[in-house]
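Dear colleague,

Please find below the structure that I am handing over to you. My findings follow it, beginning with a single backbone feature and ending with the chain as a whole.

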Amino acid sequence: MSKIQLVRGTHDLIGNDLLLYNHVKKVISEMAEYYDYNEIITPIFENSELLKKPLGEYSDVVLKEMYSFEDRNKSSLTLRPEYTIPMIRAAITNNLLNYLPVKLFGVGSMFRRERPQKGRYRQFNQINFEILGTPESSADAELIILAYEFLKNLKIDNKIYLQLNSLGDLNTISKYKNILSDYYNKYKNDLSNESKTKIVSNPLRILDSKYPEDLKINENVPKIDEYYSKNANKMFDQVQSLISSVGITFSVNNNLVRGLDYYCHTVFEFKTDELGSQNTVIGGGRYDGLVKTIGGPDIPGVGWASGIERIIMMLDKVDKIKPLVQVITIDEQSKQFGLNLVISLRKLNIKVRYDHKINIKKSLKHANEEKIKFAIIVGESEIKNNNYTVKNLFDRTQLILSFEELLNALQS
Ligand code: HAM
């Protein structure tokens, strides 16, 4: 029989990773609640048409990474590669855009057919925040501060640095793209093969190329900040001074362009040196034309997403809460009495393990291995006398207790 295998680039979340996943989700869900974001959960697939245009026809995601398939009625569906567009689609579909701004939060699986490597999966989980309907740069700052506080709450802020850039307004971007195409055309023969294909279609992406031959050419590339409008300059200054005022440090990286095509004005990434080449833990920015492109009103938006797998890789181990008690029944007749005890203890939020077995030796061995403190043994004499034999497996003492005495002992 052939070995059963996991699909390449996917992973099971189990054991410590799952504990950490739940921890991260709990921390961010609580933050979303008191930062006043509304959670939404959208379907994991959308109509392919919804995603293609706003993500950019020449973006890597659309060209190479989408999991698209034909439905039985011949319509094309795509597993969501990111959450911003589905969230905006949901806001439009559910008429959420009547009172602005709308603040949305979502956690879920995304799918991209990228080359798998450390920190890069084909199915991964993202945390996502979006503010729809405010042009104010304070919304950008609010989101960056939220991201920073999230990393702080997870105690990994010291392993992370923040980079900012502004892509200016939509005019600046199209003007700058032409300037870049002209510049890169001059060095066409020296660029990496991948970058050559982007000179016309997506020259911004050559800016963040990691190929050594491109890095050299990028040393003298025209900088985007020379082409900002007055308003773009002002907005970027405001974002920087707002986040500085709360003590967040950052650097401006004019080559930071992000991988998706819908951004303008502020873009930012929280990065780390701990994860190798997949070093962006949180990425986001402003996307003022996107809601309209999707078919909604002409309102601005800004947001970020964080890959939970990458966050988990930076966290220390967490300890699972161990059961406090193992209940052991020693014959068939005591099973009912034992199960009643298990139920009563669980109602009092005491974590109990019960194996449904009647092998006292094996159960005790298991309890010892799992470092469970108390074993409660239930047999004929316990049922007759309505009491419990309680073994403290740590100090090897044993007591016979009534139910009330047992509860007092466990709760202390
Ligand atoms: P993104 O940079 O494509 O942005 O992804 C955001 C984060 O998701 C990354 O920084 C990384 O932590 C994680 N991530 C992305 N791809 C993978 C992968 N293959 N495996 C593991 N983790 C991954 C967006 O998705 C935008 N929608 C963010 C946004 C929200 N911008 C505005 N609002």
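Just after helix α11, Gly-247 takes a positive phi of about 85°. The model is a predicted one, in which local features need pLDDT of at least 70 and side-chain atom pairs count only at pLDDT 80 or more, while totals for chains, interfaces and linings use all residues. Residues are numbered from 1 along each chain as its sequence is written, and side-chain values use heavy atoms, with hydrogens and water left out.

Helix α11 itself covers residues 230-245. Its 16 residues reach 22 Å from the first C-alpha to the last, close to the expected 22 Å (1.5 Å times one less than the number of residues). Helices here are DSSP runs of H or I with at least four residues, and strands are runs of E with at least two, numbered from the N terminus.

Buried in α11 are Ala-232, Met-235, Phe-236, Val-239, Gln-240 and Ile-243 (buried means under 20% relative accessible area, exposed over 50%, partly exposed in between, with a 1.4 Å probe and protein chains only). Viewed down the axis of α11, these buried residues fall within an arc of 130°, so they line one face of the helix; the arc is that of the directions from the helix axis to the C-beta atoms. On the other side of α11, Lys-230, Lys-234 and Ser-245 are exposed. The cover over the buried residues includes α5 (137-153), β7 (160-166), β8 (251-252), β9 (264-272) and β10 (280-286), where contact means heavy atoms within 4.5 Å.

The C-alpha atoms fill a box of roughly 90 × 55 × 45 Å along the principal axes. Buried residues make up 50% of the 412.

With kind regards
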